[in-house]
Amino acid sequence: MIFETHAHYDDDAFDNDRKELLLSMEEAGIETIVNIGANIESCKSTLALCREYPFVYGALGVHPSDAEELNEETFAWLKQAAESNSIQKGGKIVAIGEIGLDYYWDKEEDVQENQRIWFEKQANLARELSLPMVVHSRDAAKDTMDMMKAMHAEEIGGIVHCYSYSVEQAKEYLKMGFYFGIGGVLTFSNAKKLKEVVEYLPMDAIVLETDCPYLAPVPNRGKRNSSLNLPYVAKEIAVIKGMDEEEVIRITRENAKRVYQIER
Ligand code: NI
């Protein structure tokens with residue numbers, strides 16, 4: 001059974017068939033899903049999805065592109081929601097995320113500085129609650145690494161989601177004990193760099209993710225993505241690693257349960 005570590009089922013793209021789709025997961029071999037918050041509203045939706053579906057867990061956090069939503073008041077809400085629903089307290093919140101830096105869209109220095117401020121505050125929240133963090137980093141390799149070293153991210157742990165950097169950077173994240181979220185991009189014909197990273201990574205550092213509704217793998221590239229497409233990603237990893245697809249599914253599921261501290 002597959003463990004989906006990063007999905008956005010609160011997204012509008014699922015408004016017409018969310019329930020039907022989620023209820024079809026088990027039969028399709030998808031055992032567990034972690035829905036990832038990206039702003040305050042989607043954090044609330046994530047909590048609701050956790051309540052409604054036994055197999056859905058959640059991460060709460062604000063994405064760097066929405067960092068302007070954060071202030072003392074919203075951060076206090078986030079903290080309270082994560083703490084009272086955390087898996088250590090019998091709840092279903094298993095991580096703080098997605099948090100990080102995204103310089104692809106935001107080029108202004110003051111906006112980037114605001115991203116850095118809230119990345120650090122949310123990372124420290126993860127530390128305080130003994131939860132791993134789900135890191136989003138795009139076009140910000142150096143600043144992300146510098147910040148993670150400075151904050152001793154190895155003491156927090158977590159997943160670098162939709163990993164898109166070099167093998168050299170991967171070595172650094174590995175040293176910090178981080179996991180690598182691998183998704184549909186791996187199946188793209190232009191994913192040479194990511195294929196090299198997957199070849200390099202030990203199997204016990206890889207987790208499966210979709211980032212759905214985005215980044216559907218080949219042969220569904222460009223369509224709405226869902227966890228039902230994860231077998232294509234597992235298959236591609238199996239080819240690169242020269243191993244069985246079932247073995248990839250088993251190991252990545254164990255990895256996901258370890259990083260998210262899920263017992264079942
Ligand atoms: Ni995401």
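**Ground rules.** I number residues from 1 along each chain as its sequence is written, and side-chain values use heavy atoms, with hydrogens and water left out. As the model is predicted, I take local features at pLDDT of at least 70 and side-chain atom pairs at pLDDT 80 or more, while totals for chains, interfaces and linings use all residues.

**Entry 1, the nickel ion.** I looked up the donors first. Donors are N, O and S atoms within 2.8 Å of the metal (3.2 Å for Na, K and Ca), and with water not among the atoms a site may look incomplete. I found His-6 (NE2), His-8 (NE2), Glu-98 (OE) and Asp-211 (OD) coordinating the nickel ion at 2.2 Å. Their spacing along the sequence reads H-x1-H-x89-E-x112-D. Helices (H or I, at least four residues) and strands (E, at least two) are DSSP runs, numbered from the N terminus.

Why is the arrangement irregular? The four donor atoms subtend angles of 86 to 172 degrees, so it gets that label.

I then checked burial (buried is under 20% relative accessible area, exposed over 50%, partly exposed in between; 1.4 Å probe, protein chains only). His-6 counts as buried because its relative accessibility is 0%, and Asp-211 is buried too, at 12%.

A pocket here is an open set of points on a 1 Å grid over the protein atoms alone, with protein on both sides within 12 Å along at least five of seven lines; lining residues have an atom within 4 Å of a point. I counted 35 lining residues, with His-136, Arg-138, Asp-211, Tyr-214 and Leu-215 nearest the centre. Helix 2 (40–52), strand 4 (93–102), strand 5 (133–138) and helix 7 (192–200) each give two or more residues to the lining.

Asn-255 is in helix 9 (residues 245–260) and is buried, at 1% relative accessibility. Ala-150, in helix 5 (residues 141–150), is exposed at 62%. I also noted that Ala-150 and Glu-120 are 30 residues apart in sequence and 9.9 Å apart in space, C-alpha to C-alpha.

Methods:
Four donors count as tetrahedral if all angles lie between 85 and 135 degrees; four count as square planar and six as octahedral if opposite donors are over 155 degrees apart and all others between 65 and 115; anything else is irregular. On a 1 Å grid over the protein atoms alone, a cavity is a set of points where a 1.4 Å probe fits but cannot get out, and a pocket is an open set with protein on both sides within 12 Å along at least five of seven lines; lining residues have an atom within 4 Å of a point.
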